[in-house]
Amino acid sequence: MTIIFHPSNSRGHANHGWLEANHSFSFARYFDPEKMNFGALRVLNDDKIAPNMGFGTHPHDNMEIITVPLSGVLKHKDSMGEKWLTVEAGEVQVMSAGTGIFHSEMNASTSEDLRLFQIWITPNRMSVEPRYDQRHFEQMSSGELQILVESMNDFQLESSLKIYQDAQISRVNLNAGDGYNYHLKSETHGVYVMQVFGASTIDNQELQQRDAVGISNANQFLIEAQQDGQLLFIEVPMNS
């Protein structure tokens, strides 16, 4: 097993006043040639957006974009529709940019910060017709893997959102003292694991809040929770 530790304070950081962002990979003005991607995973941004602020209309193409609000309410509008849509904490949003799309993302609240993860995954099909979807996910018990996003070709779970890549985004809550054995899809996949909150250990590597590890050349690995917490798994092909 190959495991690379990425402490939270090693991420790129930007504070624009209305936006405070932490970049796990090179993004915007943050550039690190050693942090361009993890396989098909291109972007993992950890953003805090001030009330009534956000990203004005801007374009994307040929990218799978997944947004996971952690607290607050996101407001979204794109060139596929005329109405603003809201995405709350507990929901997940996916957008296949495909041949090209314009969209806007705003904090819907006038008083509270919006906190979210935004994930970009390189697709395995280019120039598809743009598509949008979102879904609410219930809270899960300790040790119960919750699959949020999977490949368009996987129909094991009707409840999961779909993207154009042989990838899987999931999360697990663990109570202190509990363990979870994560199984990868294949030996050609790797998984980027972020400790969303709490603390745990993977292969003797301790993870605190927002620390991450990139794991490859493995079939499975054991997570042991040191504190109550949640982990996010972004599993992708490593040859993309």
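How many of the seven residues of strand β10 (residues 101–107) are buried? Select that strand to start the tour: six of the seven are buried, so strand β10 is largely enclosed by the rest of the structure. Buried here means under 20% relative accessible area, with exposed over 50% and partly exposed in between (1.4 Å probe, protein chains only), and strands (E, at least two residues) are DSSP runs numbered from the N terminus.

The model is predicted, with local features needing pLDDT of at least 70 and side-chain atom pairs counting only at pLDDT 80 or more, while totals for chains, interfaces and linings use all residues. Residues are numbered from 1 along each chain as its sequence is written, and side-chain values use heavy atoms, with hydrogens and water left out.

**His76**

Centre the view on His76, which lies in strand β7 (residues 73–78) and counts as buried because its relative accessibility is 0%. Its side chain makes a polar contact with the side chain of Gln93 at 3.4 Å; such a contact is a pair of N or O atoms within 3.5 Å, and within protein one must be able to donate a hydrogen and the other to accept it, residues adjacent in sequence counting only if both atoms are side-chain atoms. Leaving aside neighbours within four places in sequence, His76 is in contact (heavy atoms within 4.5 Å) with residues including Trp84, Met95, His103 and Tyr132.

**The largest pocket**

Turn now to the largest pocket, which holds about 330 Å³ of space. Of its 21 lining residues, select Leu19, His23, Phe27, Asn45 and Phe55, the closest to its centre. The elements that give two or more residues to this lining are β2 (12–15), β3 (19–23), β4 (41–49), β5 (54–60) and β11 (114–121). A pocket is an open set of points on a 1 Å grid over the protein atoms alone, where a 1.4 Å probe fits, with protein on both sides within 12 Å along at least five of seven lines; lining residues have an atom within 4 Å of a point. The volume is the space filled by probe spheres set on the points, which are joined across faces, edges and corners.

Key: Helix = DSSP H or I, 4+ residues; strand = E, 2+ residues; numbered from the N terminus.
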